[in-house]
Each structure stands twice: as C-alpha cells, then as structure tokens.
Amino acid sequence: MANEALAYVDALHNLARYLTGNETDAEDLVQETYARALRAEHQFTPGTNLKAWLFRILRNTFLSLYRRQRHNPTVGGLDTVDADAQGVATESWLLGDIDLDRLRKVVAEELEAALMTLSEDARAVILLDLEGLTEGEVAEVVGCAVGTVKSRLARARAALRQKLKDYGR
Amino acid sequence: MNCEDARIQLLDYQRGRLPLPAQREMRAHLDACSDCARADTVEQELTSVLEHRLPQHPASLALKRRLAAQWPAAGAEPAWWSRWRPRLAPALAVAALVLVATPVLYYERAASRLASERAGMVGEAVNDHLRLLSSQHPLDVESGGLHQVKPWFAGRLDFAPAVPFEGDADFPLKGGAIGYFRDRKAAVFVYARRLHPISLLVFRADGLVWPAHDLTRIGSVDAYATTERGFNVILWRGRELGYALVSDVDARELKQLAAKMTGGT
C-alpha cells in the first residue's frame, strides 16, 4: 500500500495547495495526511479507491487543523460557507453565463485567482471532480450525499464561471 | 425535464454517467432548448480550460523524499515479528535446515536473484528520472516535434531509438537527452502531463533480466507496471529495444501514454 499511496502525493499536494492557499501549509497538510493514513492503514478496505481514501483524510485533516483559522482573512475564501452564499442562487445560474469567447481566452492566473475566491467546499468538489473521482467518491470525501455533490458541483462551477465573467469586465 | 434539472445533470451527461433513458431525455432537451445547449457547450469549455490551464502544484522532491523515508517500505516486517524474532528465529532456522532440501534452496536463490534484478531495473529507471529532474539542463534538445528530437540522437547512440509516439495535446513531447540505463547508453524522451514531467528511456534490451510475471497487456505489448518511491514505472520490450516509462503522474494516465506508445490507441 505504501508505494501506491505515495504515488498520489502530487494530487494530494495540489488539493492541499488550493485549500490552504500557501506552500508551507500545503506541505504540512500533506505530511500530516500521510502520517494519519499510516496510523489508520488497517482501516483501509483493500479493493476500494485508495486515492479517494487519502483525499478524505486530507480534507478531514484540513478541517481539524485549519478550522480555527477560518476567520483568518489571509486564508482566501475559507469563511464563505457554500456556493449558494456566493451569489449563485438557483435562478441566477440559469441566466447570464460567461461568454464562450471570453472563457476561451481565460489565462492560468485568472483561473487560479477565480478558484481561490470560492468557498473551500466549492474548490474541493471542483478539484476532486477534475481528479477523476466519481460523484460517489467525492461524496465520501466531503461527507455528504451524492445528490448534494451533484448540485454543489454544478453551483461551484457556475460560481467559477461568474467570477471569470467578472474578470472579463 | 426542466432547465434546472438539465443543468444539474449536464456534467453526468457529458461524462456518460446517466442511464440510457435519461441520456436520451437530456439529448432531446438540449435539441429543444437553445439556452441549455449553450450551457452544455460552456460546461465542456470550462472542463477543457480547467484541465489544460489551471496551474498544478505538484509536491516538491524534498517532500516526496521525506514521505518516502517516513513510510515503511512495502513488505516491511510486522511489529509482532520484530518482537518475537530473537526467541523464535534460532528454532525456525534449525527447522528450515531440516526441512528444506538443496534443490529448493537453489530455486529460491535463483528466484530471489531474478526478483532483485527486476527491482534493480525499476530502481534504475526511477533514479534516471530523478537525475533528469534535478539536472540544471535536463534537455539536450528542446522539442520541435519528434522529427527534430529523434534525428538528434543519430551518432550519439549505438542504436536507433524507435519511438512511435510524437506527443499530442494531452502528452506533449518536450525534448530529449542522452542518459544511461545500467551499463548502457539510453535515449531519454521527455513528455509532460500538465506540469508533470514523464521520462521515456529507450535502450538496448539484450543482457537484461526482464520481468516475466505479473505482466499487464498495454497496447500490443506485455508490460510490467509498478510503483517505486512514489513514482509509477512501466517496463516493456519491443524487438531489440527496452523501454522504461517513469513519472509521478497517476498510474492510469501513465498507462494511457504507454498505450499510445505501444499502439494501443
């Protein structure tokens, strides 16, 4: 298991970097994640998705280590609770979407900056989806129902498009 | 199906995760609703933008080394054995001597040597990849395409490196370099997956002990896929040449690249 677990370190570090917003905290978070995974190795069920299991430990570790920093203004976007709270109400994400041409011209810095303005949950579901986890696996990582992941992901991506649209103005 | 339902299920639709009836219903809705059809295009574009342009933050080599050092190697002794070994080992050793005959010992020794050779090849591939990563100038020739990189090796190697994959948008070819694999020169082709470098070592296959068990069919070859120190490694042979593909990208993605190289796609 050790070798396979270590193969996911880049993916874990990438999520950690986007959750914490800085390199030092991301490294600490990944290191603590592996330490906890090692202690809980016996709880892993062989045949299930090791990557998703490690992501779950990372997210739980993030919540336990960084919850007290949630009101720290230097950690971007952590104190926003969910995508709905970011002005993406059900009706509005059906209207006024980003122009396709504008989206095609988005550069990496804008994309990263826009993602970092979203809530931690929104960032997590977008990144976990990009990592190829199924909705069921994302649901296990973030600790909610599959249906919730589905709507949370749709709203998170809508919020991201909205931010990118704002940058284009 | 109304527009709100359609928007929530768009990603599932695009990824083929909807059951067939729902898939058909969605197709019909998109044909009839221009707003949702446009949203479908925008979602596809957003996925593409995220996959190709969102900056990736891979772990530093220092962190990888720290973690590899902390995590016990696969096959390490369980704790109970460490505790009881001093008392049990002498008795077990005597029992083993009585029970195990010479031919068995000989077979064990041969099998162990083969396993050690196999591990040595994997370790060598990872070391070569790390050497390239830590080099100040990892690439001797920058890529303008395979048609520029491959001729560059002419006269620098005692074989012609056959690489049937010139790179694509998912795995662009970045360049090449001369490296060494064990006792011989190797052509190193460097590809990339997002920000992750991928090394393909090509070298003469003769005289090396190749893995004969635990092989996986990738493309048209039987390959040996494993993980060492957090890096995924795939080894295979093609005619007289040996290939070692090494990277820290996801094992599934590395197999996709290997399949492109071995005629699997």
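This briefing covers the contact between chains A and B, helix packing, and one helix of chain A with a residue it carries. The model is predicted. In it, 38 residues of chain A are in contact with 38 residues of chain B. Chain B holds 8 helices and 8 strands.

**Contact between chain A and chain B**

- On the side of chain A that touches chain B, the elements giving two or more residues are helix 1 (2-6), helix 2 (9-20), helix 3 (23-39), helix 5 (100-104), helix 6 (108-117) and helix 9 (146-167) of chain A.
- By class, that side of chain A consists of 22 nonpolar, 6 polar and 10 charged residues.

**Helix 3 of chain A against helix 4 of chain B**

- Helix 3 of chain A packs with helix 4 (residues 61-70) of chain B at an angle of about 20°, and their axes are 11 Å apart.
- At that angle, helix 3 of chain A is roughly parallel to helix 4 of chain B, and the crossing is right-handed.
- From helix 3 of chain A, the residues A:Glu27, A:Val30, A:Gln31 and A:Tyr34 meet B:Leu63, B:Arg66 and B:Leu67 in helix 4 of chain B.
- This contact has 4 nonpolar, 1 polar and 2 charged residues.

**Helix 2 against helix 4 within chain A**

- Helix 2 of chain A and helix 4 (residues 50-66) of chain A have axes 11 Å apart and pack at an angle of about 25°.
- That angle makes helix 2 of chain A roughly parallel to helix 4 of chain A, and their crossing is right-handed.
- Helix 2 of chain A contributes A:Ala11, A:Leu12, A:Leu15, A:Ala16, A:Leu19 and A:Thr20 to the contact, while helix 4 of chain A contributes A:Lys51, A:Leu54, A:Phe55, A:Leu58, A:Phe62 and A:Tyr66.
- The residues in this contact divide into 10 nonpolar, 1 polar and 1 charged.

**Helix 7 against helix 8 within chain A**

- Helix 7 of chain A packs with helix 8 (residues 135-142) of chain A at an angle of about 145°, with axes 10 Å apart.
- The crossing of helix 7 of chain A and helix 8 of chain A is right-handed.
- A:Asp121, A:Ala124, A:Val125, A:Leu128 and A:Asp129 in helix 7 of chain A meet A:Val138, A:Val141 and A:Val142 in helix 8 of chain A.
- There are 6 nonpolar, no polar and 2 charged residues in this contact.

- A:Leu111, A:Ala114 and A:Leu115 are buried in helix 6 of chain A.
- Viewed down the axis of helix 6 of chain A, its buried residues fall within an arc of 100°, so they line one face of the helix.
- The cover over the buried residues of helix 6 of chain A includes helix 2, helix 7 (120-130) and helix 9 of chain A, together with helix 3 (34-53) of chain B.
- A:Glu110 also lies in helix 6 of chain A.
- Leaving aside residues up to four places away in sequence, A:Glu110 touches A:Leu164 and A:Tyr167.
- A:Glu110 and A:Lys163 are 53 residues apart along the chain, and their C-alpha atoms are separated by 9.2 Å.

**Chain B overall**

- Of the 265 residues in chain B, 29% are buried.
- Among contacts in chain B with a separation of 6 or more, 60% are between residues 24 or more positions apart.

Notes
Residues are numbered from 1 along each chain as its sequence is written. Chains are lettered from A and ligands numbered from 1 in the order in which they are written. This is a predicted model: local features need pLDDT of at least 70, side-chain atom pairs count only at pLDDT 80 or more; totals for chains, interfaces and linings use all residues. Two residues are in contact if their C-beta atoms, placed from the backbone, lie within 7 Å. Helices (H or I, at least four residues) and strands (E, at least two) are DSSP runs, numbered from the N terminus. Ala, Val, Leu, Ile, Met, Phe, Trp, Tyr, Cys and Pro count as nonpolar, Asp, Glu, Lys and Arg as charged, and the others, Gly among them, as polar. A residue is buried if 20 or more other C-beta atoms lie within 10 Å of its own, exposed if 12 or fewer, and partly exposed in between; C-beta atoms are placed from the backbone. The arc is that of the directions from the helix axis to the C-beta atoms. Axes are lines fitted to C-alpha atoms, for helices over the stretch in contact, and angles run from 0 to 180 degrees between N-to-C directions. Angles under 35 degrees count as roughly parallel, over 145 as roughly antiparallel, 65 to 115 as roughly perpendicular and the rest as oblique. A crossing is left-handed if the near helix is turned anticlockwise from the far one by less than a right angle, and right-handed if clockwise.
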